[in-house]
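Please read these notes with the model open beside you.

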Amino acid sequence: MGRMEKKENPMKSSSAVRLVIGLALLIFAPAASQAQAASEVPVHVRVVTFSGQILIDQTVRTGTTTVPTSTRATCLGGTPTNGTKRVEGATALGALHTAARLAQPRQPLLISNAFDFGLGLCGVGASAASGEQWWELTHNHKPSMVGGEATMLKAGDEVLWFLSETYNLPSPDELTLVAPEGTKTGRWMTVRVLAYNDAGVRRPVEGAALSLEGAAPTNAAGYTRIRLAQTSRFAARAEGFIASNRVVVKVSR
Ligand code: B12
């Protein structure tokens, strides 16, 4: 009798359980997604090919990511398989994956899981490494000593994935374009082109061309003067160098 009296109405208890679960979800789910967002960091990702194409040049927030792997990712040898791999934390591969998904058009990645020491990149969109080509990773303008999955990032870091033409020659140095954020219509302004070497040290580059009609090549100190009629986006290129970042200069009257 007592036992019967103590037994709870199963309907009542299951709705109570559901209520508790619902409340817990309300309280903890946003907290969990806030925690995930908090562990994401803003980083800058560039993806450039040896022919000077700039596939991606943007700042993204990145954190733990799941990337695809493919049997077609054979650029580094071995026998990769189709699947996915969770990449923990903010990494150079995760940042690339995030940026590639946001890119217009989207740039699917070709990734190898053939090696136990990490994932290797074989392709970004239509640009897959073939023959002697390979994707090189630089982190804050220096070649990374580990793969993209193990290259850990912090806020403000700069990642470059460069499709190199051949592993039989040293990779070219990376151009960087420095320009003011804004100017007035028709006013002369100075921009500068420098190049990072493997040690991450910058030097001025002479003869670099801007992707702006009428702009003169840079002088020995890396400078050139330009005048803009409207807000413009441009980059710098020079023979034997990796194309620079794109800058946007806002022009007001
Ligand atoms: C040659 C070589 C390359 C060549 C391979 C192509 C070729 N046909 O030769 C190229 C230039 C492509 C290359 C690229 C890179 N490499 Co490398 N590479 C080597 C090296 C010197 C020899 C590998 C080898 O031939 N082993 C002998 C063969 C028989 O064994 P294997 O297992 O079949 O070798 C293959 C793999 O090693 C693979 N491979 C080579 N490098 C890398 C890097 C990653 C992340 C992956 C997944 C696979 C991979 O390519 C080899 C040839 O098929 C080793 C150092 C060493 N002594 O092991 C570094 C080494 C493997 N590479 C390394 C690194 C860091 C890279 C890069 C990330 C460099 C960069 N900053 O971009 C990139 C890969 C980026 C990407 N696309 O994901 C590191 C890996 C360390 C780690 N634990 O993550 C090593 C150990 C050098 C080091 N720092 O000590 N590499």
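1. A cavity is a set of grid points where a 1.4 Å probe fits but cannot get out. The model discussed here is a predicted one. By this rule, two cavities of 30 Å³ or more are counted.

2. The largest cavity holds about 80 Å³ of space. Among the residues lining the largest cavity are Glu136, Thr138, His141, Pro172, Glu174 and Ile242. Strand 8 and strand 11 (173-178) each give at least two residues to this lining, which divides into four nonpolar, four polar and four charged residues. Domain 1 (41-170) and domain 2 (174-252) each contribute at least three residues to the lining of the largest cavity.

3. The second largest cavity holds about 40 Å³. Its lining consists of His44, Arg46, Thr138, His141, Glu158, Val159, Leu160 and Glu174. Strand 10 supplies the largest share of that lining, three residues. By class, the lining of the second largest cavity has two nonpolar, three polar and three charged residues.

4. Turning to the pockets, the largest pocket contains about 380 Å³ of space. It is lined by 19 residues, and those closest to its centre are Leu76, Leu119, Gly120, Val146 and Gly147. Twelve of the lining residues of the largest pocket are nonpolar, five polar and two charged.

5. Phe50, Phe162, Pro172, Gly240 and Phe241 are nearest its centre, and its space is about 260 Å³.

Technical notes
Residues numbered from 1 in each chain as written. Predicted model: local features only at pLDDT ≥ 70, side-chain atom pairs only at ≥ 80, totals over all residues. Heavy atoms only, no water. 1 Å grid on protein atoms, 1.4 Å probe; cavity = no way out; pocket = protein on both sides within 12 Å on 5 of 7 lines; lining within 4 Å. Points joined across faces, edges and corners; volume = space filled by probe spheres on them. Nonpolar A, V, L, I, M, F, W, Y, C, P; charged D, E, K, R; others polar. Helix = DSSP H or I, 4+ residues; strand = E, 2+ residues; numbered from the N terminus. Domains from an automatic or database assignment.
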